[in-house]
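Reader: I have a structure open and want to learn how to read it. Where do we begin?

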Amino acid sequence: MQGGIAIAGLSPIIVPVFVSNIGCPHRCLFCDQRQFSDPVPPEDVSGIVRNFIASCSIPDKRRRLLAFYGGSFTGIAQDLLEEYLYESSLLLQEGVIHGIKASTRPDMVSPEILSRLKEAGFVELEIGAQSMDDRVLNASERGHSVEHTTRASGLIKASGIKLGIQIMPGLPGEDRESFKNTVDAVVRLDPDCARIYPTVVMQGTGLFKLYKEGGYVPLDLDEAVSRSLYAYIRFTQAGCKVLRMGLPPSHRLKVANGPYHESFGFLVKAKAYRIMVKKLMQSAGSDIHILVHPKDVSELLGYRRNNIEELCFSYSFDKDMPRGYVQLKGATERGCIQLKDIIEYIL
Ligand code: SF4
């Protein structure tokens, strides 16, 4: 398998290796550090990566990346960090993987560490911006400012490593205006990829205490879906790939309240189709026949088919339709709508 050439169009294999919160000296208001599993020790990385790749389909033809997740990778103590980098570089040299990525805090990025990561084979670094509003960052006890995120982003871009940005809609002190400003500011950072994690209240956190005292009200699911959809469309339009929306399901998550849903990303995309169909109905009447790409059908129909059951349209699919478009069957260009056309109707 080793050394295969990645073929364009095939999805990459991302091998997650959890380093837990060993690099994090902090305690953000919303963070439940108990949700972290034990960190994978450096000596176990190789076996985990090889086993994971062996279980994937056609691994020879796909790009294979090792991803250190779960903590602030660049904050790991130097000796331990070097052990992780050493194990990773052996995998790179053997051709088992093509590159490495990780996530970290914006205040733990420096030219020196980026140069070391680049040398070790890093191709991507995600930073947890969470918000681009200092009021919100302070209220969330993040311990860093917008300036840290802006500086770290510039350094990462200049290093040639791809930039990923994570944001958390619904943090304490955020309203729609603050959120939209965050999205604007993130777009200006020109990230290559992003993750959108709406804030949920985890038991045992400072946010849980604040919530119990009545000092914090989480977003309801619909508002979280709307804010995420707004960001999803803006980021996508700016050429930034949205890798994930909503926390991945885990038995370790102790969610007390907030907009957690195991199909959150699907809800966001289904809402986009719901808005697009409603817009077409406003111009063409409620008795319409919709045409979409075959891969967009499930999102058109909605979560548990609620779009089609509530809006009552008929539909068919056509593989020649572009992804993300909804067209009235038999209509000209004016009977067609796409994601970017609905941005002003979301928030
Ligand atoms: S920086 Fe990340 S790991 Fe550290 S406390 Fe905050 S959310 Fe948790």
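This is a predicted model: local features need pLDDT of at least 70, side-chain atom pairs count only at pLDDT 80 or more; totals for chains, interfaces and linings use all residues.

Reader: How many helices and strands does the protein have?

Author: Helices (H or I, at least four residues) and strands (E, at least two) are DSSP runs, numbered from the N terminus. The protein has eleven helices and 13 strands.

Reader: How do I read the radius of gyration?

Author: It is taken over C-alpha atoms, and the globule rule is 2.2 Å times the number of residues to the power 0.38. For 347 residues, a compact globule would be near 20 Å; this protein has 21 Å, which agrees.

Reader: Which domains is the protein divided into?

Author: Domain bounds come from an automatic or database domain assignment. Here they give domain 1 (13–262) and domain 2 (273–345). Their C-alpha centres lie 33 Å apart.

Reader: How is a pair of packed helices described?

Author: By the angle between their axes and the distance between the axes. Axes are lines fitted to C-alpha atoms, for helices over the stretch in contact, and angles run from 0 to 180 degrees between N-to-C directions. Take α3 (residues 111–120) and α5 (residues 146–159): their axes come within 10 Å and cross at roughly 35 degrees. P111, L114 and K118 of α3 meet L155, I156 and S159 of α5. Contact means C-beta atoms, placed from the backbone, within 7 Å.

Reader: Is N307 buried or exposed?

Author: Count the other C-beta atoms, placed from the backbone, within 10 Å: 20 or more is buried, 12 or fewer exposed, and in between partly exposed. N307 is buried, because 24 other C-beta atoms lie within 10 Å. N307 sits in helix α11 (residues 306–311). Leaving out residues up to four places away in sequence, N307 touches A270, Y273, R274, V277, L300, L301 and G302.

Reader: Where is R304 found, and is R304 buried or exposed?

Author: R304 is in the loop between α10 (297–301) and α11. R304 counts as exposed because it has 9 C-beta neighbours inside 10 Å. R305 lies in the loop between α10 and α11. R305 is exposed, with 12 other C-beta atoms within 10 Å.

Methods: Residues are numbered from 1 along each chain as its sequence is written. Two residues are in contact if their C-beta atoms, placed from the backbone, lie within 7 Å.
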